[in-house]
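Biologist: I would like a close look at one part of this model, with the terms spelled out as you go.

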Amino acid sequence: MNRLRGGKFFTKLDLADAYLQLELEDDAKQLCVINTPFGLYQYNRMCFGIAPGPAQFQRCMDTLTQKLPGVAAYLDLIITGKTEEEHWTNLTNLLSTLQEHGFRIRLDNCEFFKHSVEYLGHTIDKDGKRPTAAFMAALPQLPRPQDLHQLQAFLGKVNYYGRFISNLADKAAPLYNLLKNDTAFTWSNECEQAFTQLRNSIINATSLTHYDETKPLILAADASSYGLGVVLSQDTDQGEVPVAYASKTLTDTQKNYSQIEREALSIIYGVTKFRQFLYGRHFTLVTDHEPLATIFAPGKNIPTLTAQRLQRWALTLMGFQFTIRYRKTSQHGNAECLSRLPFGPDSNFDWIEQQDNKEISHAIQEQIFTSPVAGYNEVRQETVKDQHLQRVITWIQQGWPVTKPDDKELGTFWIHRNSLQLEQGVLLLIRDQTSRVVIFRSLQCRILDTLHSSHWGVVKVKQLARRYVWWSTINTDIELAIKSCEVCQESAAAPEQKFQSWPKTDKPWEHIHLDFAGPFRGKMWLICIDACSKFPYIGRMEIGQTTSRQTVQVLKDIFAIEGVPATIVTDNGPQFSSQEFTNFCNSFHINHVLTPPYHPPSNGEAERFVRTFKSSVDKNCEGGASLDESIRLTLASYRTIPHPALEWKTPAEVLHGRQPRGLLSLLQPTNHKYPKHDKPQTTQFTIDSLVYARNYSVGPKWIPGTIISKQGNAIYIVQTDSGNWKRHANQLQIRLPSTNMNKSVVPNTPQADNNIVHPHERRYPTRERRQSDWYKP
């Protein structure tokens, strides 16, 4: 206001799509991404609804106008001057600055060379600023209550500001007497005096305070069946102090809104009326309709079942920063009084609302008039006759019950209460941008016949129905109607396939699957795979020789290695369904299971390996390997590769209990140490020990020698006159040193171990012998 002080002429400029004129930096563009049906898109310019938008825009305007005299910027631009020449100079400088920086204005919203302008709820002129008369008009022109409901609303507002009114009980006594049960509503002179006195007391007590940017803002909104009321207040130390009032009567179209839509309309009316105060600032939105606290909550997504009009209003509120709060009706008197005693129509707001409703009304009427079979007039007439629908319509107009009704059908309507709307006497369910006519019982069968007249399936009929009609059991009714249609059932497609695994077995080679693959590579191949270990065998046969006898012969060769299984699963091929194969299974007490005809998934274990087998062999052959080598590579690798169905064990480990040694095993370092026994055995032989070594060629049985090295725990290398021999400890004996031995052969004489028993020593002491006494006759 300091920049405008002393001015006599005023101009107000409105920037066209103000935020969109500010270009975003590349880093900021990545944060402003929107999700559309055509993909993700990012804004190149600052969009409406982002939190830092008002502050950034205000900073930009302050930077542009800080050196321009007589110019104030807050959302709009105000230019003043003490004389016309000064005013024109200031305006020209501002317009030049805006043009230089590429800003554009909206001409139809601008005011030029005025003696006063309205700005932020105040009238600004040469004398300063004062509250706008429009914000003051709602209270002084409160109409006289015409019934008990309007009187209760007026007294509610009186009680809301009762702490500012002295002798409230005495002043309001004549009006409270009208609320007694045994008193008729008769407006007397005493009532008129009490009403006028209380209205003046409220006006004096709630004289509008000046708008303070530092104080928290509170917007209270309420709606009745014929009016809207909003109060903009500031939270001060003395409580809520009003800044501006507004109220209006509802148009005939708005009176047909449901209660939740009227309550939501009051909120939209408040943010539209006081947009200059609220935009760019955080405020508290107060309503006495609890469902709106969830639908319009900024931190939550818009519920998918919300009516189309409420979704549109929710998107409008996304451009504001607010916290919504629910307050009981008994504590909401400041706004409730204005809604029940509205000042009059607001033509500007009603015109904007009417334009927004045109597109919705056109879509709704299109749904009504294009509904199958039943015409619009018939639907409206039958709606009046249906008791359930009439009860629902009453709830839409007057408010829904707090708890869900016990009646099942009414309970379904209660669940969809936020999506129901009354349009030209017809009940509509609005969801997913589509309006559907609610059909009553007497027309449901006709609607079903029309929907299914082309004999489409369940999905397409439901999709068609969701464009036009709805009732509580429509999905179930469509499914039953199509299932009972003989034409549809005779030409129906196969039902959805459901697969069930074979019973699992914990024993390897107990349950095997057989199948033939081919002709492949000029041969027929018998596939045999174990269900438990996934271990495969392949039997090669000539084309045209896949007889039962040949099949049995191949299986006998496999069973000779792995044993006889308990169960064999095959398809219905002639090799498996013959009497010869049946006799073979009976002779080995094998349970032979034949899968259903033309149902390969029942033998999926073998069918899946057929594809794996063919693919692997083809790749190996293309890599240069022969057919036989490809077969060996396929089987060897498949048997030793970890399998996910075996907890990443290999088929060979599960079937045989060990992993076969292959080329990749050679990559691991070799461990030369032999496994340790639980009780390590010690031998009496060491290096350089004198021994006798067992001779297995011509000559003595034992040959003297000396141990020169040791291999393992019991293998020794013995040096003899005939060369170095490898002998086991069991093929050696201790040899005592002898002077006759060639010393060069035995360089060192080891000490005998006292604990070792030598074979040439006596084990017992020598006994005394005496000569025998021979018999002499």
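This is a predicted model: local features need pLDDT of at least 70, side-chain atom pairs count only at pLDDT 80 or more; totals for chains, interfaces and linings use all residues.

Modeller: Residues are numbered from 1 along each chain as its sequence is written, and side-chain values use heavy atoms, with hydrogens and water left out. E4 and E5 pair in the antiparallel sense over four bridges, where pairing requires that DSSP finds at least two bridges between two strands, and where strands (E, at least two residues) and helices (H or I, at least four) are DSSP runs numbered from the N terminus. Within this pairing, Ala-73 has Leu-77 of E5 as its bridge partner. The two strands belong to an open sheet of four strands, ordered E4-E5-E1-E6 with antiparallel pairing. Strand E4 (71–74) and strand E6 (111–114) each have a single partner strand and stand at the edges, so one side of each is left without a neighbour in the sheet. On average, neighbouring strands of this sheet are turned by 15 degrees against each other, direction ignored; axes here are lines fitted to C-alpha atoms, for helices over the stretch in contact, and angles run from 0 to 180 degrees between N-to-C directions. Helix H2 (residues 53–65) packs on the sheet and touches E4 and E5, contact meaning heavy atoms within 4.5 Å, and the direction of H2 makes about 170 degrees with that of E4. Helix H3 (residues 84–100) also packs on the sheet, touching strand E1 (9–13), E4, E5 and E6, with its direction at about 150 degrees to that of E5.
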